[in-house]
Structures are given as structure tokens and as C-alpha cells.
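Here are some questions about how the labels given to side chains in this model are reached. Each answer sets a value beside the cut-off that it has to meet.

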Amino acid sequence: MKVPPVALRWLGVAVPLLQLDRSDPALLRDLVEIVEQVASEGAFTMGRPVESFERRFAAYCGGAEAVGVASGTSALELALRGLGIGRGDEVVVPTNSFIATAEAVSMAGAVPRLVDVDEETSLIDAEIVAAALGPRTRCVIPVHLYGRTVEMDPILALCRERGVAVIEDACQAHGAWYRGRRVGTLGNAACFSFYPTKNLGGWGDGGAVVTDDEELASRLRALRSHGEGPRHHHAVVSGTFRLDGLQAAILEHKLRRLDGWNDGRRAAGAALREALAESPVVPPPTTGDGDHVFHLFVVRSPDRDRLREHLEAREIATAIHYPTPIHLQPAYAGLGLGPGSLPVSERLAGEICSLPLFPALEGSQIEAIVTAVREFSVVDSAASAS
């Protein structure tokens, strides 16, 4: 017996995967005024808006310096280059991440050493890192994926002992905490993305590197603008990786709301996690000493594709982050890591499903998500019985 998909119209709710700034009219008006102000000043490249945002973002993270750049990918690349990492060096990177984490290593001239992740957390840990360290390893990039913090202390201790740098990929973890400290201040540097869908997102691309190393920050400021410093003196070959003034002004205004938005995400994530504990999916695990700011709410299901069809028929949006591990991407075929080489990440890629989550997620929307997920077991049982 085939059970027809029935949209949850009796709940009167359709749930998008996320919401952008246009869904908040008051915020939208504020941001349009900010754009007009920057336009009237003509401060489009560097200048006051960027410097002001850098100061505020560094202070927010608890770091000494923040350097605004063009994207999260640029932040990772320049952080590596600023630390002198390049040709002949190896950088440990989890394969369960967006390709930019590895891509930045390649763009810096080094080689990504792709590794698997822990089955429960979907993140790297000290045991995985220890097994991957080799004579050419110069850096490890832990990724705070989906907004969940990596267990950093054992990794930091291991890397200090081996003389290996640590760059946090915090592109999905703005404002998250780890044992009383913000992510972004734990390693040699941390990299953030301000892509519009991020917890702190702009109206285009943008990124930043946060560090307590003032010399590194100085090198990054030269690297982001043609290796220049002072004006018209170019010490190294680089390129253009600057953060736009418009983006910086927008981000500074939105930064004031970030903690409130993250609290909304945590509350929605906790409600979903609790309600889905005895459901056909495996919700995200608890975080121990870390934090989860729920950039994404990612569940697991062995029947993921049918689950997505079921939910989308009921107007519950879904996505997959990410359907193909980095080591199986054609761009990295040259590393020689074929199917079966990093099995946990490969298994995750076939089971993960991102459900809707955003700060203003309402109780009725949570009810719709949970009801639709729980209904999936009913559909599945009925289909099996036929």
C-alpha cells in the first residue's frame, strides 16, 4: 500500500530551512539606512567602517586583533600564508567539511592531509589528529562544524608539543563558547565567514581572521591588499582579499544582535533535540564542555533520501551538508583516497539531513517539523506492511 504524501495543512504551517534579513522589517530598515550612510561617506574600500568592525569583532571574540577579508576561504588561505605555511608543508583537515577548508590549504601551496571524524560528534579529535601528524605537518585546522565546538584542549596540547600551528575554522560557529572562552581565541588564529546564511552574515561575501599575534595580524593586513605596506611599497606578491566597507558596516550593526540570535538558535535546537529523541532520526548529540550555536540542525537517518521526500511533501524544507566528503571530490582525486578510505565521513554523507533552524523558529513550526518526522515512521511501517 502506498501512503500518499499529505501536507501538514491541518497545522497551517510550512517551514523554510532558514530566514534571511528580509524577514525582519525593522532590521532591514536599519541596514538600508546603514548602506545609505556608507554610500554618502564613500567609504567603500577599507577605511572607518572596516576598522570599526574589526575592533568590535576582536573584542567580541576576546581576541587582540581581527583582520577583515573578502571571505571565509580567504581568511583560511591568508592565515596559512601569514604563518609561513606553503609549498612542501602538510595541513591536517577533516574530510567532513565544506571544501573551502581544504581548498584554502591548496591555494596556500600546501597539501591537505584529509582525515576522518568521530562517529558521534562528526568532528576531529586529538586521537585522529595524533595518528595524522607526520614530519611535514605544519598545521591542524579543527572545524567547528554546524556550530558545534571541537574538543580543543587535547588538540592544542598535542600540537604545542609537536610544534604544529592550530587554525580554528570557525566559519559556522560565530559566538560559540568552549570552556568559558569564545571560539576564535583558542589556537594561533581563527577564521570566520560572513556569508549571508551564517549566524553573523552580511549582504554578500566577507570574512575575518582573529588572532592574539599582532605580528601575524600585521602580515595579514599586508597580504589582504597586494602585500602592501606602507602605501605603494609591496613586500610580497599577494592579491586583493579586502573586506568591503558596506559589509563591515552591516556586520557591525548585526553583531549587536548575535548573542540574542544564538540564544534563539540554542533554544530551538534544544527543543528539537528533545522532541526528536525517540523518533526515526538521530538528533545532534549533547556538547559536553563545548557549545552548539546551531548554524545547522543536522540529524541522521539510514533512509535519508526518503525522509527528505516525505518532509518536503509536507512543506518542511531540508538540505544536505555535505553530500560528498572532500576526499571523494574530483578536485582531490589526486590524493588517492578512494571510496572506503575514510569510512565514518562516507557513512555520514549518506545519512545526514539538515532540518530547518533559525533564531525566530516558532513553536508551531517546531511542532510541524517534529510531527512530520514522527509521521515518517508511520509511513515507513505501512509501506513495509504492504
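Q: Which residues are linked with Glu54 in a network of salt bridges?
A: In this predicted model, Glu54 is joined with Glu65, Arg221 and Arg224 in such a network.

Q: What makes the contact between Arg138 and Asp89 a salt bridge?
A: The cut-off asks for a side-chain nitrogen of Lys or Arg within 4 Å of a carboxyl oxygen of Asp or Glu; the pair Arg138 and Asp89 is at 3.1 Å, N to O, so the contact qualifies.

Q: Why is Asp89 called buried, and why is Arg138 called partly exposed?
A: Buried means under 20% relative accessible area, and partly exposed lies between that and 50%. Asp89 has 12%, so it is buried, whereas Arg138, at 31%, counts as partly exposed.

Q: How do you know that Arg179 and Glu151 form a salt bridge?
A: Their side chains meet at 3.0 Å, N to O, which is within the 4 Å limit and therefore counts. Arg179 is in the loop between strand E6 and strand E7, while Glu151 is in the loop between E4 and helix H6, 28 residues apart.

Q: Why does Glu215 count as exposed?
A: The label requires over 50% relative accessible area, and Glu215 has 59%, so it counts as exposed. Glu215 is placed in helix H7, and together with Asp212, Asp213 and Glu214 it forms a negative surface patch.

Notes. Residues numbered from 1 in each chain as written. Predicted model: local features only at pLDDT ≥ 70, side-chain atom pairs only at ≥ 80, totals over all residues. Heavy atoms only, no water. Patch = residues over 30% accessible without salt bridge, like charges linked within 9 Å, V, L, I, M, F, W, Y side chains within 5 Å. Areas by Shrake-Rupley, 256 points an atom, 1.4 Å probe, with all protein chains shown as cover. Lys, Arg positive; Asp, Glu negative; His and termini not counted. Charge placed at Lys NZ, Arg CZ, Asp CG, Glu CD. Helix = DSSP H or I, 4+ residues; strand = E, 2+ residues; numbered from the N terminus. Buried < 20%, exposed > 50% of the residue type's maximum accessible area, 1.4 Å probe, protein only.
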